[in-house]
Amino acid sequence: MNTVNITSTLAEAQRIRQDLKTKYDADVGKCYQCGKCSAGCPVAFAMDTPPHKVIQLAKLGLYDEMMECHSTWLCATCHTCSARCPREVHPSRIMEGLRIEARNQGSVKVRPLDIFHTKFMKLVGKRGRVYEMALMLGYNLSVGRPLKDAGFAPKMILNKKLSLFPHTTSKARKEVRKIHERYNRMSNTPHPDQTSGGDTP
Amino acid sequence: MKYAYYPGCSLSGTGLEYNISTQAVAPLLGIELCELPDWSCCGASSAHLQDHTLALALPARNAALGEEQGLSLAIPCAACLSRSKAAEHAVKTSEDMRAQIESLIDRPYQATYPVKSILEIFIDAGLDTLKENIIKPLTGLKVASYYGCLQARPTDFMDVDDPENPQTIDTIVAALGAEPVSWSHKTECCGNSHPIAYPEVGGPLVNRILEQAEKSGADCIVCACPMCLGNLDMRQKALGKKRGRPFNLPVFYFTQLMGLALNLRPKKLGLKKHFISPIPLLSKKDLLKRIKIKKVKNKPADTPVPASESTETPTPNPDNKKGGPA
Ligand code: SF4
Ligand code: SF4
């Protein structure tokens, strides 16, 4: 068991708890640890810390532990936990908020998942719409499995389900780029992936 | 009723058959879908994992475009629907968030016109209207209705009849003359993008759903989301191989089943675009052939019409010249 420096993590933990309240209307303080969220979580089998324990970490203010856990990354955002929680704690929103916090701190715990979503957002920022061929190619190259799912491609192209050309309109593209620009100015912390351009084909 | 149709990115690619079947069925039920000009991506399941506010602004732009036209958005994809409803909910419940969103999208957005799922729109059009237009009831087809997560949750803004056991798709299935089965995994998660991005975790989730659908005795699965269909259809062959016994559960969009019952050509419904082909099942159940309908004043006695009231129904399909499957 690691030793925990409570004083140093408390301030961070309080900030994130406040953030969860304002942004997500989610209050970890209401949790009474019944475990119902974990019981119904479809991904709990693969998690290092089941959802109710993640909530408890947030309750106790154990910031580093929250940032280190893989569970927030594996959460599939199915919202089963939130639908069933008897205390309206909204665990799914807390998982999401903690994952974003970890990402902003550079603590990416499940790389392929982060790459996938980052590629996706890069395409949105660049074209205004997502073009699945570019998404899959970009993702496969980044995770070093260029032929992953490639067996599906011929049939999909034949069925016109995987277009070889991007589809978008110039107005959609321009306006979405503008949204990203304003967002970057507003948040003052541009993610590297939210600048237009990038290495996506 | 007129709507601004928001197809979303998937429906031009992997969800193509959802797009074409929706557009083929809607006019037959008196629903007018005009594609929203210059729509953009809603951020799907990715944006909200990177930033809360940006993830609300992206779908809000589309709803604001609809609002400018005085129209509600009609959305087939469950993920697009969920993100759009999240934006609508945020704007309605927080002045502060509304101001942030409006300044990001540089447009006013008051959420005056509720965003709607195509499923809700078809139900609102009335099951009676649907039943009146049915030419070929889907008799003998056992269907497992799969809602997945996003038609049922989050419960604070998805007005669903019952989040644990929803009935909307089932009522449509029953209205079409098919038999909805009762089963346990209607609203279990198919893994979202995990089956693509992290198959070690996504695979078992899809597997559980397929096994439960199989156990329920269903011939097929029907859903209302291109991501769910992609996961359940594309991964089926590999998962069958892995367990040593193939699955054979064609997965439909509910609009495809509607189109079949409304006597549309299989080609108009994209029935040949699936990885697990539904064609053998549909031929076995004798549901593939189109019913030829002659004008009533000719010899009605010769017309092979399955349901008595259908005799009076003029064919709703403009290209009903050839008959037979395409
Ligand atoms: S279901 Fe709600 S109250 Fe129960 S442990 Fe989970 S978050 Fe806490
Ligand atoms: S939202 Fe995440 S934590 Fe909650 S049940 Fe679903 S996968 Fe588990």
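This is a predicted model: local features need pLDDT of at least 70, side-chain atom pairs count only at pLDDT 80 or more; totals for chains, interfaces and linings use all residues.
View 1. Side-chain values use heavy atoms, with hydrogens and water left out; residues are numbered from 1 along each chain as its sequence is written, and chains are lettered from A and ligands numbered from 1 in the order in which they are written. B:R98 and B:E95 form a salt bridge whose closest N and O atoms are 2.9 Å apart, a salt bridge being a side-chain nitrogen of Lys or Arg within 4 Å of a carboxyl oxygen of Asp or Glu. B:R98 also forms a salt bridge with B:E102, with 3.2 Å between the closest N and O atoms. Because B:R98 and B:E102 are 4 residues apart in helix 5 of chain B, about one helical turn separates them. B:R98 has a relative accessible area of 16% and is buried, as is B:E102, whereas B:E95, at 57%, is exposed. Here buried means under 20% relative accessible area, exposed over 50%, and partly exposed in between (1.4 Å probe, protein chains only).

**View 2. The salt bridge between A:E68 and A:K109.** The closest N and O atoms of A:E68 and A:K109 are 3.0 Å apart. The pair links distant parts of the chain, 41 residues apart: A:E68 belongs to helix 4 (residues 63–68) of chain A, and A:K109 to the loop between helix 7 and helix 8 (111–127) of chain A. A:E68 is partly exposed at 46% relative accessibility; A:K109 is partly exposed at 23%.

**View 3. A salt-bridge network with residues of chains A and B.** A:E175, B:R61, B:E68 and B:R107 are linked in this network. Over all chains, a search of the whole structure finds 21 salt bridges.

**View 4. The surroundings of ligand 2.** The shell around ligand 2 holds 13 residues, each with a heavy atom within 4 Å of the molecule. The closest are A:C41, A:C75, A:C78, A:H79 and A:C81. Helix 6 (80–84) and helix 7 (91–104) of chain A are the elements that give two or more residues to this shell. By residue class, the shell comprises 9 nonpolar, 4 polar and no charged residues; Ala, Val, Leu, Ile, Met, Phe, Trp, Tyr, Cys and Pro count as nonpolar, Asp, Glu, Lys and Arg as charged, and the others, Gly among them, as polar.
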